[in-house]
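The following exercises are to be worked through with the sequence and the coordinates at hand. Each task is followed by a solution in steps.

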Amino acid sequence: MVDQSAVGHRFTPVTAQVEPGRLRYFFETLGETNSVYRDAAAAKAAGYKGIPIPPTYLFCLEMLDNEKPFEFLTALDIDLGKVLHGEQSFTYHAPVVVGDTLTFSSRVAGVADKKGGAMTLIVVETAVTNQDGVHVADTARTIVVRNG
Amino acid sequence: MTDTKTAAVGDRVVHKQFPAISRHRLALYCGASGDHNPIHVDIDFAKASGFPDAFSHGMLVMGYLGQALSDAFPPSRIRSFSTRFAAITQVGAELTCEGTVAELFEAGSERRARIALTTKDQHGETKLAGEAVVAL
């Protein structure tokens with residue numbers, strides 16, 4: 001079972017590119033039709049340097065370009081079938097557009113047992129920077145592990 | 001697009017309905033998101049893990065909520081976006097995303113609104129509850 005010793009654990013940083021084809025596939029999957037996402041000219045006219053990413057896409061990028069997308073589970077010896085997503089947050093500091101290269105640096109920020117140890121909540125915080133070293137976002141996810 | 005200049009506390013500024021989530025959609029989302037956890041597409045794996053069926057990625061549901069949010073507020077105005085995953089979203093769920101203005105405030109020189117967000121299925125069960133802060 002995951003315990004407090006996991007707090008502070010840092011994961012291998014992930015570098016991910018905002019590729020237009022992959023982003024288009026995401027939009028197709030979600031039925032996105034907003035022109036700011038689907039039309040580069042409309043995005044430019046709206047003041048973006050390129051097509052912007054949608055609000056949750058940082059989470060995807062970190063997994064898409066991760067050589068070990070479930071590293072934090074294997075590192076902490078957690079079964080993939082035992083995890084649920086409890087909470088997710090994004091704080092945006094600067095725009096991210098197609099063509100950007102992002103680096104995700106993640107660490108375990110907290111571990112807490114719930115319901116007498118039946119569940120463990122793990123908070124992972126991630127700082128995201130771009131190719132110019134600009135801190136573009138912070139994200140946090142809470143993973144629920146069903147113990148037993 | 002919402003007329004954000006006149007937004008008042010209590011106004012419903014986000015509202016969008018989505019088609020039923022199919023197994024095909026979940027398979028596509030695995031590829032689109034990079035989240036290949038088999039629990040979202042492989043019934044055998046889901047059952048072995050103690051669930052009656054495969055179920056949606058939470059982040060697909062949050063992706064829909066994000067789409068509803070950025071229909072109302074352009075992505076460059078979204079300062080933060082967070083949700084709690086209140087319940088598992090089953091195959092076949094027909095989601096409705098809503099957001100109402102909970103607070104108007106200033107941060108530095110920027111006028112902002114805190115939007116209280118929910119995503120519910122066709123039975124009215126809350127799947128996501130969260131909030132976003134947007135610049136007006």
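## Exercise 1: Helix α1 of chain B

Helix α1(B) is followed by B:G34, a residue with a positive phi near 80°. The model is a predicted one.

Task. Determine which residues of helix α1 of chain B are buried, and state what covers them.

Solution. 
- Step 1. The helix spans residues 23-33 of chain B.
- Step 2. Its buried residues are B:L26, B:Y29, B:C30, B:A32 and B:S33.
- Step 3. An α-helix has 3.6 residues a turn, so residues three or four places apart point the same way.
- Step 4. The cover over the buried residues of α1(B) includes α3 of chain B. From chain A, the cover includes α1 (20-30) and α4 (57-64).

## Exercise 2: The setting of B:Q67

Task. Decide whether B:Q67 is buried or exposed, and list the residues that B:Q67 touches.

Solution. 
- Step 1. B:Q67 belongs to helix α3 of chain B, which covers residues 58-72.
- Step 2. A residue is buried when its relative accessible area is under 20%.
- Step 3. The relative accessibility of B:Q67 is 3%, and B:Q67 therefore counts as buried.
- Step 4. Leaving aside residues up to four places away in sequence, B:Q67 touches B:K16 and B:F18 in chain B, and A:L30, A:G31 and A:E32 in chain A.

## Exercise 3: Chain A as a whole

Task. Summarise the secondary structure, the burial and the contacts of chain A.

Solution. 
- Step 1. Chain A has five helices and five strands, arranged along the sequence as β-α-α-α-α-α-β-β-β-β.
- Step 2. Of the 148 residues in chain A, 48% are buried.
- Step 3. Among contacts with a separation of 6 or more, 67% join residues 24 or more positions apart.
- Step 4. The C-alpha atoms fill a box of roughly 55 × 30 × 25 Å along the principal axes.

Note on methods: Residues numbered from 1 in each chain as written. Chains lettered and ligands numbered in written order. Predicted model: local features only at pLDDT ≥ 70, side-chain atom pairs only at ≥ 80, totals over all residues. Heavy atoms only, no water. Helix = DSSP H or I, 4+ residues; strand = E, 2+ residues; numbered from the N terminus. Buried < 20%, exposed > 50% of the residue type's maximum accessible area, 1.4 Å probe, protein only. Contact = heavy atoms within 4.5 Å.
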